[in-house]
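I opened the model to look up a few things and kept short notes. Here is the structure I worked from.

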Amino acid sequence: MPHLLSIDGVRRTFGKHVALDDIRLDVEQGEFIALLGPSGCGKTTLLRAIAGFLSPDAGRIAIDGQDVGALPAHRRPLNTVFQNYALFPHMTVAQNVAYGPRRQGASRREAHERALEALDMVGLRDMGERHPRQMSGGQQQRVALARAIVNRPKLLLLDEPLSALDLKLRKRMQLELKHLQEKLGIAFIFVTHDQEEAMVMADRIVVMNGGRIEQVGKGEDIYLRPHTRFVADFIGEANLLACRAAGTGMLALGSQEVPVPCAQPLPAGTLTAMLRPEHLCLLPAGVPVPAGLVSLTGTLREQVSVGSHTTLYVRTEAGELAVRQMGMPDVALRDGDAVTVGFAPDRLHLIADAS
Ligand code: ATP
């Protein structure tokens, strides 16, 4: 069986700027893929190349095993939802959604029925007679979705479709969209620069940086086992410490020797050890850390609380560490106090790039 979408060696430049560099990615039927990366990394350009709004300078894009390079955008078996919804203001909601089927030759009645069915899917069955201006941002976004799914494309491309919504609504829509996608079984490729959004929604996340794919994987892999410092740093908060191999199965971290979590031999030279803040615990100096934990001594620099959790920044001999604790700041601690940071050695993740 061919992949639903296969992108092979796609490159695109704008003048001297390389916007896409040797992109390779396969997407399967019914998958939810997030394209994630900082502004300017090439997410939209890749989406536009898949949609057929721009042609790559090199490489091949195939859908169901068929090269779509020669197909104009409107002939490709996919649809796109844009950030700004792009609804027709003079048409009712139902007419907006029925527009696609009508253009494809459906009778007025059939197109209307299909529009109502699509509106039903997005929870707007009773709003077909309204005009877009009479609807909230979230509702307009759902109309745009209904319009995109009414022709049952195999693949739906979504370019930051939730970015105009406020945070609460955006979070609700993330789940709604995920459930809708599961119900429809249509593959989604969703552009976002919000790592939380990607983690919540996607089956697989494609992390992009400077026109290249840095890593493709499930949210858990990307978060716990990043391949590069860029990925570790871009997804959530990461403590990145320089370290080096110190004899068989050991790692030198500051003046400490720590057992290496993985069995494979370590490369020579400097490595990066990643520790997520929630995998660290903090104790006042002198209180022994539980057996089996590695301990690093340091000084508390400051505590920063967002209500639900507090991040404690500690200066240690191995480098600055962020430690996450549930709830409000620890009132028993003052900035400048001597503290000990503990962690289980298997929480260390090694990255073979020390840049
Ligand atoms: P954002 O999250 O800000 O939308 P992005 O990851 O989607 O960013 P792209 O829009 O794909 O980034 O742009 C990638 C790079 O290519 C950027 O440096 C951008 O300036 C450049 N670029 C994109 N389109 C064009 C164009 N039509 N002409 C010239 N440069 C372009």
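**Entry 1: the helix across the strands.** Helices (H or I, at least four residues) and strands (E, at least two) are DSSP runs, numbered from the N terminus.

**Entry 2: what I am reading.** I noted that residues are numbered from 1 along each chain as its sequence is written. This is a predicted model, where local features need pLDDT of at least 70, side-chain atom pairs count only at pLDDT 80 or more, and totals for chains, interfaces and linings use all residues. I looked up pLDDT: the predictor's confidence in each residue, from 0 to 100. The protein chain averages 91, and 98% of the residues score at least 70. The model scores are ipTM 0.96 and pTM 0.90.

Entry 3: Two strands pair if DSSP finds at least two bridges between them. Strand 1 (residues 5-14) and strand 2 run antiparallel and are joined by seven bridges. I checked two of the pairs: R12 has L20 as its bridge partner in strand 2, and F14 stands opposite H17 in strand 2. The two strands form a hairpin with two residues between them. G15 in the turn has a positive phi of about 60 degrees. On to strand 4: strand 1 pairs with strand 4 over five bridges, also in the antiparallel sense. There, S6 stands opposite A62.

**Entry 4: the ligand.** Which residues are around the ligand? I listed F14, H17, A19, G37, S39, G40, C41, G42, K43, T44, T45 and H193. A residue counts as near if its C-beta atom, placed from the backbone, lies within 6 Å of the molecule. Strand 2 (17-27) and helix 1 (43-51) each supply at least two residues of this shell. Helix 1 gives the largest share, three residues. I sorted the shell by type: three nonpolar, eight polar and one charged. In this sorting, Ala, Val, Leu, Ile, Met, Phe, Trp, Tyr, Cys and Pro count as nonpolar, Asp, Glu, Lys and Arg as charged, and the others, Gly among them, as polar.

**Entry 5: the record.** UniProt, in an unreviewed entry, places the feature "domain: ABC transporter" at residues 5-235. I read that span as 36% helix and 26% strand. Its end C-alpha atoms lie 26 Å apart.

Entry 6: I then found an open sheet with the order 15-19-16-17-18 and antiparallel pairing. Strand 15 and strand 18 (319-326) stand at the edges with a single partner strand each, so one side of each has no neighbour in the sheet. From one strand to the next, the twist averages 45 degrees. Strand 15 (residues 281-284) pairs with strand 19 (residues 338-343) over four bridges. Here L282 stands opposite V341. Strand 16 (residues 294-305) pairs with strand 19 over six bridges. In that pairing, V339 is the partner of G298, and T299 stands opposite A338.

How values were computed
Axes fitted to C-alpha atoms, helices over the stretch in contact; angles between N-to-C directions. UniProt positions renumbered as here; feature names shortened; annotations may be inferred.
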